[in-house]
Amino acid sequence: MTDQISQDDLPIGRGIQGRCPRCGEGRLFRGFLSVRPACEHCGLDYSFADAGDGPAVFAILIGGFIVVFAALITEIMYQPPYWMHAVLWLPLVLIVTLVPLRPIKGLLIALQYHHKAAEGRHAGRSET
Ligand SMILES: [Zn+2]
């Protein structure tokens, strides 16, 4: 018996697919990014789920790197007119930030469930 976390126990795939982190059957989201109140399959209460700004931060950092790198390479190699940059990179910005947003949010909620992460709380005053 070991206390180490097995890779098989990590609900990464369930989170990326937007499924319940406990059973993997129920859906996590209602709409694009709204989290359901509870799992429709196993009844897990999703009130613990609060990914905060985490999904947006990861999407912005990863997407920003991709777009800026591609724009710099294109500018250095081809020097296209500015309107061409707008035509190329504005749609790409939307794609590389909006598409991974939901899987990232599902992943963060699944990891939050797995690691029992929550806001800090006062333990209460100890009587001595
Ligand atoms: Zn469930």
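**Reading the model**

Guide: Of the 128 residues in the protein chain, buried residues make up 27%; buried means under 20% relative accessible area, exposed over 50%, and partly exposed in between (1.4 Å probe, protein chains only). This is a predicted model, in which local features need pLDDT of at least 70, side-chain atom pairs count only at pLDDT 80 or more, and totals for chains, interfaces and linings use all residues. Residues are numbered from 1 along each chain as its sequence is written, and side-chain values use heavy atoms, with hydrogens and water left out.

Visitor: How many helices and strands has the protein chain, and which pattern does it follow along the sequence?

Guide: Helices (H or I, at least four residues) and strands (E, at least two) are DSSP runs, numbered from the N terminus. Here there are four helices and two strands, and read along the sequence they give the pattern α-β-β-α-α-α. The radius of gyration is 20 Å, well over the 14 Å that the globule rule gives for 128 residues, so the protein chain is more spread out than a compact globule. That radius is taken over C-alpha atoms, and the rule is 2.2 Å times the number of residues to the power 0.38. Along its principal axes, the C-alpha trace spans about 70 × 40 × 30 Å.

Visitor: What share of the contacts between residues at least 6 apart joins residues at least 24 apart in sequence?

Guide: Contact means heavy atoms within 4.5 Å. Among contacts in the protein chain between residues at least 6 apart in sequence, the share that joins residues at least 24 apart is 53%.

Visitor: Which residues make up the largest nonpolar core?

Guide: A nonpolar core is a set of buried Ala, Val, Leu, Ile, Met, Phe, Trp, Tyr and Cys residues joined through side-chain atoms within 4.5 Å. The largest one here has nine residues in all: C20, L28, F29, C39, L44, Y46, A49, A51 and I109. One of them, C20, touches R14, G26, L28, C39, C42, L44 and Y46, not counting residues up to four places away in sequence.

Visitor: How many salt bridges does the structure hold, and which residues are linked in a network?

Guide: A salt bridge is a side-chain nitrogen of Lys or Arg within 4 Å of a carboxyl oxygen of Asp or Glu. The structure holds two, and R27, R36 and E40 are linked in a network of them. In one, the side chains of R27 and E40 meet at 3.2 Å, N to O. R27 lies in the loop between helix 1 (12–16) and strand 1 (29–30), and E40 in the loop between strand 2 and helix 2, so the pair ties together parts that are 13 residues apart in sequence. R36 also forms a salt bridge with E40, with the closest N and O atoms 3.6 Å apart.

Visitor: Are R27, E40 and R36 each buried, partly exposed or exposed?

Guide: R27 is partly exposed at 41% relative accessibility, and E40 is partly exposed at 47%. R36 is buried, because its relative accessible area is 19% and buried means under 20%.

Visitor: Where is R36, and which backbone oxygen does its side chain reach?

Guide: A polar contact is a pair of N or O atoms within 3.5 Å; within protein, one must be able to donate a hydrogen and the other to accept it, and residues adjacent in sequence count only if both atoms are side-chain atoms. R36 is placed in the loop between strand 2 (34–35) and helix 2 (54–78), and its side chain reaches the backbone oxygen of F29 at 3.1 Å. Leaving out residues up to four places away in sequence, R36 touches R27, L28, F29, R30 and Y46.

Visitor: What phi does Q79 have, and where is Q79 found?

Guide: Q79 has a positive phi of about 45° although it is not a glycine. Q79 is found in the loop between helix 2 and helix 3 (82–98) and counts as exposed at 57% relative accessibility.
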